[in-house]
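Subject: Structure for you to look at

Hi,

Here is the structure I promised to pass on. Have a look at it first, then read on for what turned up.

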Amino acid sequence: MLVGETVMNAATITTWMNGSASSIRAERDHLVQLDAAIGDGDHGTNMTRGFDAVVRALDADDGLAPGRQLVLAGRTLVSAVGGASGPLWGSALRRAGRALGEEPTFGPEQLVAALDAALAAIMDLGQASPGDKTMVDALGPAFGALREAVAAGRPVREAVEAAAAAAEAGRDATIPMQARRGRASYLGERSIGHQDPGATSAALIVRALERAVAQER
Ligand code: ADP
Ligand code: MG
């Protein structure tokens, strides 16, 4: 490990999950409105219930390695959330946690591998491709930007900032798309012109990761 290189640990994951929960809670009504326009209007309540449960589960189980924390977070989301987003984010975080394993700390390359595994889990389970107007359209560009920045040797803080910006651009890019997966796909062309709720919450979660990593020394 180079001197000055950011080392991430269990506190990073706790801060990330707590920050995700508070952003999602603050945006709950907006997420509900977005889902009411092209789905069934439960995305804000689903995600708030899920991430509040994650915060409680992590709080109750102190001392876990970062990978174990993510596995617990994923399991909690699957059991707390009924909508599509619960199993999708649940398997994403479980797969990310398994990629991190049992080590007490992790570096930028392991973060990249964990998030690539998370996206692969979402795509395996949900079968969405880029351009289908789902959370994949925020997470694909985000984790791609992270991977490229880390491969280019940029500091991990800059890499997560690039990821958060790419997630937000990807979220905005869902507006003109026609939905091809999930409930919004039932609307066909009428889904065009609306921002995808799942891409919107995904951008909040990547922005929370950026804030969590920025806090590390
Ligand atoms: P539900 O659609 O069951 O009501 P939510 O409202 O919580 O679940 O989540 C909707 C979001 O989930 C969508 O905006 C979309 O981003 C995401 N989503 C739905 N289906 C898929 C899928 N097959 N693959 C990836 N993401 C999906
Ligand atoms: Mg919904």
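The largest cavity is lined by Ile13, Trp16, Leu70, Ala96, Leu100, Phe106, Leu111, Ala114, Leu115 and Leu209. (Helices here are DSSP runs of H or I with at least four residues, numbered from the N terminus.) By class, the lining has ten nonpolar residues and no polar or charged ones. For the classes, Ala, Val, Leu, Ile, Met, Phe, Trp, Tyr, Cys and Pro are nonpolar, Asp, Glu, Lys and Arg are charged, and the others, Gly among them, are polar.

A quick word on the source: this is a predicted model, where local features need pLDDT of at least 70 and side-chain atom pairs count only at pLDDT 80 or more, while totals for chains, interfaces and linings use all residues. Residues are numbered from 1 along each chain as its sequence is written, chains are lettered from A and ligands numbered from 1 in the order written, and side-chain values use heavy atoms, without hydrogens and water.

The search of the whole structure finds one cavity of 30 Å³ or more, and the largest cavity holds about 40 Å³. On a 1 Å grid over the protein atoms alone, a cavity is a set of points where a 1.4 Å probe fits but cannot get out; a pocket is an open set with protein on both sides within 12 Å along at least five of seven lines, and lining residues have an atom within 4 Å of a point. Points are joined across faces, edges and corners, and a volume is the space filled by probe spheres set on them.

The largest pocket has about 510 Å³ of space. Its lining has 25 residues, with Ala84, Ser85, Leu88, Gly182 and Arg183 nearest the centre. That lining divides into nine nonpolar, nine polar and seven charged residues.

Now the metal: the magnesium ion (ligand 2) has Asp35 (OD), Asp40 (OD) and Asp42 (OD) as protein donors, 2.0 to 2.2 Å away. Donors are N, O and S atoms within 2.8 Å of the metal (3.2 Å for Na, K and Ca), and water is not among the atoms, so sites may look incomplete. In sequence, the magnesium donor residues follow D-x4-D-x1-D.

Cheers
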